[in-house]
Number of protein chains: 2
Amino acid sequence: MATGIKDILKRNSLSVTESREKILSLFLDQSGALAHGDIEKKAGEKFDRVTVYRTLQTFVEKGIIHTIPTADNSIRYALCKDDCKEGHHHDHHVHFVCTQCNVTYCLDDVVTPELKLPKGYTSSHIEVVAEGICKNCK
Amino acid sequence: MATGIKDILKRNSLSVTESREKILSLFLDQSGALAHGDIEKKAGEKFDRVTVYRTLQTFVEKGIIHTIPTADNSIRYALCKDDCKEGHHHDHHVHFVCTQCNVTYCLDDVVTPELKLPKGYTSSHIEVVAEGICKNCK
DNA sequence: TATTAAAAAGCAACAATGTTGCAAAATCTT
DNA sequence: AAGATTTTGCAACATTGTTGCTTTTTAATA
């Protein structure tokens with residue numbers, strides 16, 4: 001499968017625009033997750049704030065990126081693996097936030113564990129966020 | 001152990017004030033978690049917005065409540081169990097967000113599972129948030 | 001390649017959320 | 001009850017997120 005930036009956009013029937021290319025490249029250029037603020041800092045001099053919001057929203061809808069829940073009110077976004085379809089994410093991996101460097105990783109190889117929920121509860125999705133020291137900081 | 005509202009505050013060496021009593025009672029009166037917005041709606045006519053912020057912050061610092069990460073940028077707070085000490089939380093339970101009624105539960109009996117992390121990663125805390133249909137909505 | 005319809009970006013204005021400093025009021029200590 | 005301390009409320013501000021509309025860019029088609 002082609003993995004160029006333009007290919008990713010076209011595959012998701014998105015028109016190729018400068019801001020989408022730029023923002024998508026930010027994700028491809030590094031392994032961690034990005035908070036909205038990070039993206040705005042890196043791309044915001046060039047693009048309007050609103051465009052960043054709308055682009056991220058579009059990417060989430062198309063399944064190109066996914067959100068990672070945090071406890072500090074700053075949604076983080078990370079690239080999805082290829083098997084994410086529009087409106088149907090398959091992010092069954094664990095996220096890791098380093099308390100030292102503050103980088104968020106997608107641990108693609110660590111699968112979210114099974115949970116035994118109390119009677120009456122049915123879960124459709126489980127998010128696991130581990131916090132600690134990453135391999136670069138230890 | 002005494003569980004009156006005043007007792008909880010005194011035990012944590014907090015002075016007993018109207019707003020703290022009111023906000024703490026909101027948590028005691030119901031089982032789910034509360035978002036800042038909920039609290040402001042319920043207590044905000046009586047108290048200043050800033051007071052709500054500061055009170056919640058104080059409660060978190062004292063270990064009376066804890067935060068629950070979400071993917072929608074609205075921090076939720078829930079009461080801690082009694083073994084939370086100041087600055088040292090013991091929230092090894094799973095959280096459950098109902099996608100229908102939007103209530104967040106602390107599943108105190110569901111312990112966060114062990115995770116096998118990749119080499120080099122050490123985690124100090126693991127957050128698990130399950131999403132689905134709760135016992136009241138099914 | 002030029003024309004045109006559709007989509008996206010930029011702009012402005014606004015709404016919501018969160019923060020800070022300081023004076024007034026309430027609480028705690030003795 | 002009086003004074004020291006803590007908390008509250010207020011005002012002003014910063015940040016973050018949203019909406020409507022016009023201009024610009026992209027993509028489709030001749």
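Close-up 1. DNA strand D has 21 residues around it, where a residue counts as near if its C-beta atom, placed from the backbone, lies within 6 Å of the strand. Among these 21, A:Ser15, A:Val16, B:Thr17, B:Ser19 and B:Thr51 come nearest. Two or more residues each are given by α3 (36-43) and α4 (49-62) of chain A, and by α2 (18-28) and α4 (49-62) of chain B. Helices here are DSSP runs of H or I with at least four residues, strands are E runs with at least two, and both are numbered from the N terminus. With four residues, α4(B) supplies the largest share of this surface.

**Close-up 2. Residue classes near DNA strand D.** Here you will find seven nonpolar, ten polar and four charged residues. Ala, Val, Leu, Ile, Met, Phe, Trp, Tyr, Cys and Pro count as nonpolar, Asp, Glu, Lys and Arg as charged, and the others, Gly among them, as polar.

**Close-up 3. The side of chain B that touches chain A.** In this view, 33 residues of chain B are in contact with 33 residues of chain A (C-beta atoms, placed from the backbone, within 7 Å). On chain B, β4 (93-98), β5 (104-111) and β6 (122-133) each give two or more residues, and β6(B) gives the most, twelve. This side of chain B divides into 18 nonpolar, nine polar and six charged residues.

**Close-up 4. Strand β6 of chain A beside β6(B).** Eleven bridges join β6 (residues 122-133) of chain A to β6(B), and the two run antiparallel. Look for A:Thr122, which stands opposite B:Ile133.

**Notes.** Residues are numbered from 1 along each chain as its sequence is written, while chains are lettered from A and ligands numbered from 1 in the order in which they are written. In this predicted model, local features need pLDDT of at least 70 and side-chain atom pairs count only at pLDDT 80 or more, whereas totals for chains, interfaces and linings use all residues.

How values were computed: Contact = placed C-beta atoms within 7 Å. Pairing = 2+ DSSP bridges.
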